[in-house]
Amino acid sequence: MGRRYMGRGLPYVSADDLGGRLIVVEGTDGVGRSTQMALLQQWIELQGFPVVTTGWSRSNLVSTSIEAAKSGNMLSGLTYTLLYATDFADRLENVIIPALRSGFVVLSDRYVYTAIARSSVRGIDKDYLRKIFEIALVPDLTFLLRVDVETLIPRVIEADGLNYWESGMDMHLDADYFESFRRYQMLLIHEFDVMGKEYGFESVDASLSIDAIQEQIRQKVGPILKG
Amino acid sequence: MIELFTPTEHRGRLIIVEGIDGSGKSTQLSLLRKFLESQGYPVVFTEWNSSDLVKETTKRGKRKQNLTPTTFSLLHATDFAHRFHHAILPPLKAGMVVLADRYVFTAYARDAVRGCDATWVRNLYSFAVTPSVAFYFRVPIDVAIKRILTGRTKLKWYEAGMDMGLAPDERASFRLFQSRILEEYDAMTQEVGFDVVDATLPVNKQQEAMRGRVVAALNGYTGKKHIATLPRIYPSEAR
C-alpha cells in the first residue's frame, strides 16, 4: 500500500516513493511518552531497522521563536497554531520525508493531533486546522497513551510541578494552577478521545506499568515492521 | 472577495496595496498616508513580514537557505497572524484607517509560484478581514526591473527566487520569478476584486486616482477624526 497524505499534501513532493514506517506516540503531558519511545526505539533497532526520532517543536528553524514567544506570553492562539505548523512542516520536509524515503522507521513524539487538540481547545476552528495539516502524512500507527486526569496530576507534580503552559494558564480557565491544569488537561483528553475515533488511534492505558504498556505497543508494532 | 475571508465586524477602513517589487506601490501608499493624515483621519500603517516575532527566524532561514516552499509560506502566515491581531484588527475595531503595504494576496501569488497548493494557501489566510479597497499596481516586468536595479547592484537570494532554481544567475532568475508573480496577480484580479492602477502613469496621476477611490470608500466613516492640520513640510522634503 502506498503512502498517503492526510489531504492535499505537498504538491511538489510525491508520497508514492516514501517507504519506511511512521509511528506516532500521542498523549497529554506526563503520560510517559518519552519513556515508551526510548524503549520502543531500542527494540526496533535490535531487530535491525534504523530509527529516526522527531518531536514537537524540535525543528532548528523555529524552536527559538517558539521559546521566545512562550517566555513573552504575547501570542494569540492563532499565531501559536501557525508557529507550530511551521515547526511541523520543517520537520516533515527535512526529517520525516527524507527518512521515510530511505526506508527508516520514524518515531514521532506527538504529531499534528497535538496541534489540533491544543488549538481547538483554544477556540481555533477545527475545519481550519484540519485543512492546514492536510500537508501531513498518514502514520502507519498512532498510539494514544491515555490516562484520566486524576492519575495524571500527581505524576506531573512529582516530575517537575505544574508549569504555565501545561496548565493552560494562557486560557484563563482559572486563576489557580491546580484547577486550571485539571480543566485544561480534561479538555485535551476529550479532544484526543474524539480524534482517536476519527483517525483510528491505538489507545493504550497509560496507568499500567511501564513494561505492560511497552508490551502492548510492541505487539502492534511487530507486524507492521515485517509487512 | 467575500467568500475568501471570515466575516468580521469593524467600523474602520482597511486599504491595502499589492504589486510586484518595483511597481511603486509603497511610494503611493506613503503619499496616501500623508493625505489621509492631513484630512484628520487616524491612520495606522503595517508592512508585510515585519513582526519581531518571526523576523529573526525568517532571516536565519533565508541566510542558511533552508526554507522550503511550505515553511516559507507558514512563516509569513505566522507573521501576518501576529500583526493581524496586534496591528490590524484592533485599530479597525477602534474605527481607524489601516494602511497595509502588501496583504494576503502577496502570499497567494508568491506561494503559488513556489509550488504550494492555491486552496491550501487561501485557507491559511481565511481568518483575515476583507479590505475596503485593494489596489493592485500593475506594471510591465521590464519597467519594474529597471526601477529595482537602478541604484542597486545585488538582488537578494529569495527576492530573486533563487530557491526555485529557475536560472543560474540572480538577474535572470528575478525576471522569471517576478514575471510568474505578475501572472498570478493578473489571474486573481477578478476573484479578489482588485482596483487596478496603471503603474506606468505619472506618480501624481496614480495618486489622484487612488485618493478618489479612497475618498469614496470613506463615505459614511464613523470613526473619530483628529482636527485637520495643514501638512507639515520639513526642509528636507521640500522640493
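Guide: A residue is called buried if 20 or more other C-beta atoms lie within 10 Å of its own, exposed if 12 or fewer do, and partly exposed in between, with C-beta atoms placed from the backbone. Strands (E, at least two residues) and helices (H or I, at least four) are DSSP runs numbered from the N terminus. In chain A, strand β4 (residues 141-146) is mostly covered, since five of its six residues are buried. This is a predicted model, in which local features need pLDDT of at least 70 and side-chain atom pairs count only at pLDDT 80 or more, while totals for chains, interfaces and linings use all residues. Residues are numbered from 1 along each chain as its sequence is written, and chains are lettered from A and ligands numbered from 1 in the order in which they are written.

Visitor: In which sense do β4(A) and strand β5 of chain A pair?

Guide: Two strands pair if DSSP finds at least two bridges between them. β4(A) and β5(A) (residues 202-205) pair in the parallel sense over four bridges, with L145(A) opposite V204(A). Strand β1 (residues 21-26) of chain A also pairs with β4(A) in the parallel sense, over four bridges, and there V24(A) stands opposite T142(A).

Visitor: How many residues of chain A are in contact with chain B?

Guide: Two residues are in contact if their C-beta atoms, placed from the backbone, lie within 7 Å. By that criterion, 24 residues of chain A are in contact with 24 residues of chain B. On the chain A side, α3(A) gives the most, with nine residues.
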